[in-house]
Amino acid sequence: MKKRLFFSLIVISSFCFFCQSQTITPFKKGDRVVFVGNSITDGGLYHSYIWLYYMTRFPEVNITVINAGIGGDTAAEIYKRIDGDVLDKKPTYLITTFGMNDSGYFEYNGEGAEEFADRKVQASYDAYKMIEERYKKLPGVHQVIMGSSPYDETAIIEGNTPFKNKNKAMLRIVDFQEKSAKANGWEFIDLNKPMTAINERIQVTDPTFTLCGSDRIHPDNIGHMVMAYLFLKGQGFAGKEVVSTDIDASKAQVISTSNCTVTGLKKEADGISFDYLANALPYPLDTIARGWGMHRSQSEVTQAVPFTEEMNQEILKVTGLKGNYKLLIDNEEIGTWSGEEYAKGINLATLSNTPQYQQALKIMHLNAERWEIERRFRDYAWVQFNFFQGKDLLFANNREAINVMDQFVQEDGWLRAKRDLYSKAMFPEVREAWQKEMDLLVSIIYDINKPVTRKVSLIRK
């Protein structure tokens with residue numbers, strides 16, 4: 001009985017975090033949205049998932065989302081690259097997050113852990129105050145401060161002993177971030193507490209579960225989709241359906257529609273048919289665990305949060321049917337449901353074989369290709385700001401830079417791993433070609449994400 005009560009309290013607690021008021025202004029057409037952070041942003045997918053939502057849900061709202069994360073960064077390192085790696089991207093909307101590296105690691109399991117945490121939080125605060133002063137001089141840029149995804153101390157991960165109370169230090173950083181945002185009239189969203197609540201809720205029945213990856217730090221695909229969900233929820237999109245259609249088949253009458261147009265409704269000898277023009281596409285959830293070391297797919301997000309119920313509803317409701325009816329869209333058989341099931345409503349967004357879902361899948365894969373190319377730019381930025389900046393060779397991109405780099409590659413594994421990429425990226429023509437590839441992919445996405453009129457038929461079996 002006590003265990004059941006404990007579980008219920010955790011469920012209530014986690015969903016209270018979902019319900020808290022976190023108003024973030026939605027992106028508008030023409031926005032250049034820059035996400036600034038550490039490796040969770042650098043190699044992460046949450047910002048790409050957020051952009052995919054806009055690509056599919058708002059096909060006419062053409063925006064640009066840009067990754068400005070660098071692995072290993074703290075607030076101090078973010079400050080050093082604001083002009084050369086953030087503002088050079090000409091953001092109209094700037095989201096900044098840090099805290100994982102700021103709070104430190106191994107010392108939490110040694111002596112003097114509390115004093116260590118105090119020093120790390122203070123150093124992060126001092127560095128952030130410099131960022132804050134710089135941001136105050138950007139009156140035309142929409143600012144959002146985002147509390148970091150958590151360090152998971154509670155998951156049972158074989159061979160990985162957690163750093164005790166590290167996340168408490170991170171929450172202290174989240175606290176001063178929130179206070180700064182409020183004082184400056186900026187917007188704020190916290191990912192840490194909601195994600196921790198989800199972890200603890202699911203760990204009651206599966207102690208090995210975590211949104212934060214096998215290292216307790218870097219979220220898996222499911223974790224990044226939860227991050228995207230929380231951000232989109234903060235923008236007010238919970239309850240915003242893709243489309244909905246309510247038809248009375250017995251009267252051949254459209255009862256209501258939302259975000260779509262139904263025309264040409266007519267009774268057939270064995271059912272009904274109509275033309276269906278949706279103004280948005282369903283959100284495609286990737287079923288493959290993509291990326292090095294990833295074990296969970298984006299689609300597993302439905303196990304953690306009510307994304308489908310809140311943000312991915314393409315409802316077809318038809319009353320007045322008796323018996324079973326096949327659903328055809330553009331003459332492709334989608335499935336068969338009973339009159340009772342149609343009357344309750346079929347969520348087409350969960351059916352990957354509809355033409356509109358297939359249209360969305362193309363966008364998903366093109367967006368993933370864009371992300372892969374963008375990662376090259378982030379590795380190039382890592383070399384510039386984590387290595388060359390300290391050698392007074394920032395953006396030198398010449399033979400001297402390569403020669404200096406080669407003096408350190410054997411002793412620095414991270415530098416060695418990026419040496420080949422830098423040998424290409426140092427040439428502006430190569431970077432220009434990569435940028436053109438990304439621009440072409442985005443152009444294709446905004447060509448093919450537009451609404452298409454579909455022919456829908458319900459045929460009695």
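Salt bridges, then pockets

A: The count comes to 25 salt bridges, a salt bridge being a side-chain nitrogen of Lys or Arg within 4 Å of a carboxyl oxygen of Asp or Glu. This is a predicted model, in which local features need pLDDT of at least 70 and side-chain atom pairs count only at pLDDT 80 or more, while totals for chains, interfaces and linings use all residues. Residues are numbered from 1 along each chain as its sequence is written, and side-chain values use heavy atoms, with hydrogens and water left out.

Side chains of opposite charge can pair when their charged atoms come close. Arg81 and Asp85 are both buried (buried is under 20% relative accessible area, exposed is over 50%, and partly exposed is in between, with a 1.4 Å probe and protein chains only). Arg81 and Asp85 also belong to a network of salt bridges that links them with Asp73, Asp88, Lys89 and Arg378.

Asp83 takes part in another salt bridge, with its side chain meeting that of Arg134 at 2.7 Å, N to O. Asp83 is in helix α5 and Arg134 is in helix α6 (residues 113–135), so this pair ties together parts that lie 51 residues apart in sequence. Helices (H or I, at least four residues) and strands (E, at least two) are DSSP runs numbered from the N terminus. Asp83 has a relative accessibility of 45% and therefore counts as partly exposed. Arg134 is partly exposed as well, its relative accessible area being 22%.

Glu432, at 45% relative accessibility, counts as partly exposed, whereas Lys436 is exposed, with a relative accessible area of 53%.

Now to the pockets. A pocket is an open set of points on a 1 Å grid over the protein atoms alone where a 1.4 Å probe fits, with protein on both sides within 12 Å along at least five of seven lines; lining residues have an atom within 4 Å of a point. The largest pocket has a volume of about 1400 Å³, a volume being the space filled by probe spheres set on the points. It is lined by 46 residues, and those closest to its centre are Gly43, Gly44, Trp292, Met294 and Arg375. Two or more lining residues come from each of α2 (39–42), α3 (46–57), α9 (221–234), α12 (355–386) and α14 (413–425). Helix α12 gives the most to this lining, with nine residues.

The second largest pocket has a volume of about 570 Å³. Its lining holds 24 residues, with Ile66, Lys89, Phe377, Gln435 and Met438 the closest to the centre. Here the elements that give two or more residues are β2 (64–69), α5 (82–86), α12 and α15 (428–448). Helix α12 gives the most to the lining of the second largest pocket, with eight residues.

As for confidence, the mean pLDDT (the predictor's confidence in each residue, from 0 to 100) of the protein chain is 94, and 95% of its residues reach 70 or more. Over residues 1–20 the pLDDT is below 50, and this stretch has 24 contacts in the model beyond near neighbours in sequence, a contact being heavy atoms within 4.5 Å.
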